[in-house]
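Here is a friendly walk through one protein model, with the cut-offs spelled out along the way. Please have the viewer open as you read.

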Amino acid sequence: MEAPRVAIEGVTPVIDGGRFALKRALGEPIHVEADIFMDGHDKMAAALLWRAVDTDVWQRVPMTFIVNDRWQADFTPERVGRHVFVVEAWYDTYATYYNELSKKHAAGIDVSLELREGRQLLAAMLAEAEAERTADPEVLIQARQLVDTITHDADTEALQHLLAASTGELVGKLGIRHFASRGEFEVPVNVERPAAAFASWYELFPRSQSGDVTRHGTFDDVIERLPAIRDMGFDVLYFPPIHPIGKKNRKGRNNSLVATDNDPGSPYAIGSDAGGHDAIHPELGSLDDFRKLVSAAKDHGLELALDFAIQCSPDHPWLREHPEWFAYRADGSIRYAENPPKKYEDIVNVDFYAPGPRGARESASTGLWMALRDAVLFWCKEGVRTFRVDNPHTKPLPFWEWMIAEVQGRYPDALF
């Protein structure tokens with residue numbers, strides 16, 4: 001098996017061997033370093049290659065040597081979305097020749113043979129570039145003119161051309177990279193909106209915005225508050241869940257286990273006959289009212305952030321349609337949420353893994369995962385791009401990896 005002659009190791013930054021993408025805000029430079037080395041004392045060159053994943057065109061940034069085989073370069077992505085980068089290094093044929101020629105010339109050694117070798121080297125590299133089409137036509141024309149010049153020049157003039165910085169720059173543009181090697185994998189980077197790094201959030205309960213304790217607040221009431229929120233300097237308006245609230249086991253005032261007809265219940269007990277995670281609590285307004293609010297917020301320089309709470313009331317439609325998405329106790333009753341000694345009888349949690357042999361939960365509940373993803377996609381379609389996740393550490397990491405990638409693959413500007 002042929003191993004690469006040029007070694008590339010210790011690439012940074014990388015998270016968990018590339019399993020997780022780096023996160024950077026748009027406009028933020030990404031500083032990349034790597035250990036690059038090969039046998040002997042010959043010269044090397046390296047470049048940082050980067051691109052957005054929806055294009056095959058690589059951008060190239062020359063890397064510079066720091067010390068002890070360490071090289072560096074920076075790049076700045078130009079748009080939001082998933083990007084990748086990789087380090088490429090190669091044996092720099094012409095730089096190695098130049099180093100030998102310049103040292104011998106400085107030492108007063110006869111370099112007539114080296115000049116002959118230089119003429120042959122440039123001609124060979126030009127022929128290789130023409131055959132492999134590694135350079136632009138204009139570069140090939142300039143290189144052909146240089147080769148013709150030094151071929152007919154006397155040694156004194158040829159020496160001046162071969163030691164000129166412009167010659168090295170032109171040869172570099174030929175794109176000849178002998179023994180080229182690339183890093184082991186392409187490092188993923190999520191480039192997100194500046195709001196991913198910092199945003200000023202204002203939280204409110206839409207149902208509390210009527211200004212009248214006898215009337216449930218609506219999205220129209222929230223619209224009236226937008227100028228004041230913007231004037232306070234906020235740029236994100238965040239809502240706890242705005243979905244239908246279940247009635248079964250609804251908590252009353254001051255967490256009472258008995259609710260009256262006038263008690264609104266906890267917005268985190270999501271789901272009723274009116275719908276689930278892709279529906280709106282009827283007393284807040286309609287979907288058209290929500291769209292009106294999104295538009296009005298945008299006019300005031302605000303964006304909406306919604307709470308993505310993966311929990312259900314016992315009235316959620318999913319319990320009727322997909323009872324296998326939930327966990328049950330030995331007596332067959334559904335398992336509600338607990339944080340002993342606290343009990344949350346108005347909330348039941350989904351089960352991300354279906355029961356397998358001998359009761360072990362081994363395989364993902366595919367339908368549930370897709371339903372949760374589709375709920376987020378629904379609100380993205382309605383203009384929401386920021387989601388505050390409730391208790392993310394109590395949900396499986398593989399779900400977040402999959403779901404966020406699915407959403408950002410369609411809406412790159414979505415933030416979690």
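## Terms and ground rules

Two strands count as paired if DSSP finds at least two bridges between them. Helices (H or I, at least four residues) and strands (E, at least two) are DSSP runs, numbered from the N terminus.

This is a predicted model, in which local features need pLDDT of at least 70 and side-chain atom pairs count only at pLDDT 80 or more, while totals for chains, interfaces and linings use all residues. Residues are numbered from 1 along each chain as its sequence is written, and side-chain values use heavy atoms, with hydrogens and water left out.

## Strands around S7

Let us begin with strand S7, which covers residues 70-75. Strand S3 (residues 30-37) pairs with S7 in the antiparallel sense over 6 bridges, and in this pairing His31 stands opposite Asp74. Strand S6 (residues 64-67) is also an antiparallel partner of S7, over 3 bridges; here Thr64 stands opposite Gln72.

S6 and S7 form a hairpin with 2 residues between the strands, and Asn68 in this hairpin takes a positive phi near 50°. As a general point, side chains in a regular strand alternate between the two faces of the sheet.

## Overall shape and surface

The protein has 10 helices and 18 strands. Its radius of gyration is 32 Å, whereas a compact globule of 416 residues would have one near 22 Å; the radius is taken over C-alpha atoms, and the globule rule is 2.2 Å times the number of residues to the power 0.38. The C-alpha trace spans about 105 × 60 × 35 Å along the principal axes.

Of the 416 residues, 44% count as buried (buried means under 20% relative accessible area, exposed over 50%, and partly exposed in between, with a 1.4 Å probe and protein chains only). The accessible surface comes to about 22200 Å², and carbon and sulfur atoms hold 51% of that area; the method is Shrake-Rupley with a 1.4 Å probe, and for residues only the protein chains shown count as cover.

Among contacts with a separation of 6 or more, 74% come from residues 24 or more positions apart (contact means heavy atoms within 4.5 Å). There are 45 positive and 64 negative side chains, and the centres of the two sets lie 6 Å apart. Lys and Arg count as positive and Asp and Glu as negative, leaving out His and the chain ends; each charge is placed at NZ of Lys, CZ of Arg, CG of Asp or CD of Glu.

## A buried loop residue

Not counting residues up to four places away in sequence, Ala135 touches Leu140, Lys173 and Leu174. Ile176 is 41 residues from Ala135 in sequence, and their C-alpha atoms are 8.7 Å apart.

## Backbone details in other loops

The loop between strand S1 (7-12) and strand S2 (22-25) holds Pro13, which a cis peptide bond joins to Thr12 with omega about 0°. Asp16 is found in the loop between S1 and S2 too, and its phi is positive, near 50°, in a residue other than glycine.

Another cis peptide bond joins Pro340 and Pro341, with omega about 5°. Pro341 sits in the loop between strand S14 (336-339) and strand S15 (342-348).

Finally, Asn391 lies in the loop between strand S18 (386-389) and helix H10 (397-410). Asn391 has a positive phi of about 50° although it is not a glycine, and with a relative accessible area of 37% Asn391 is partly exposed.
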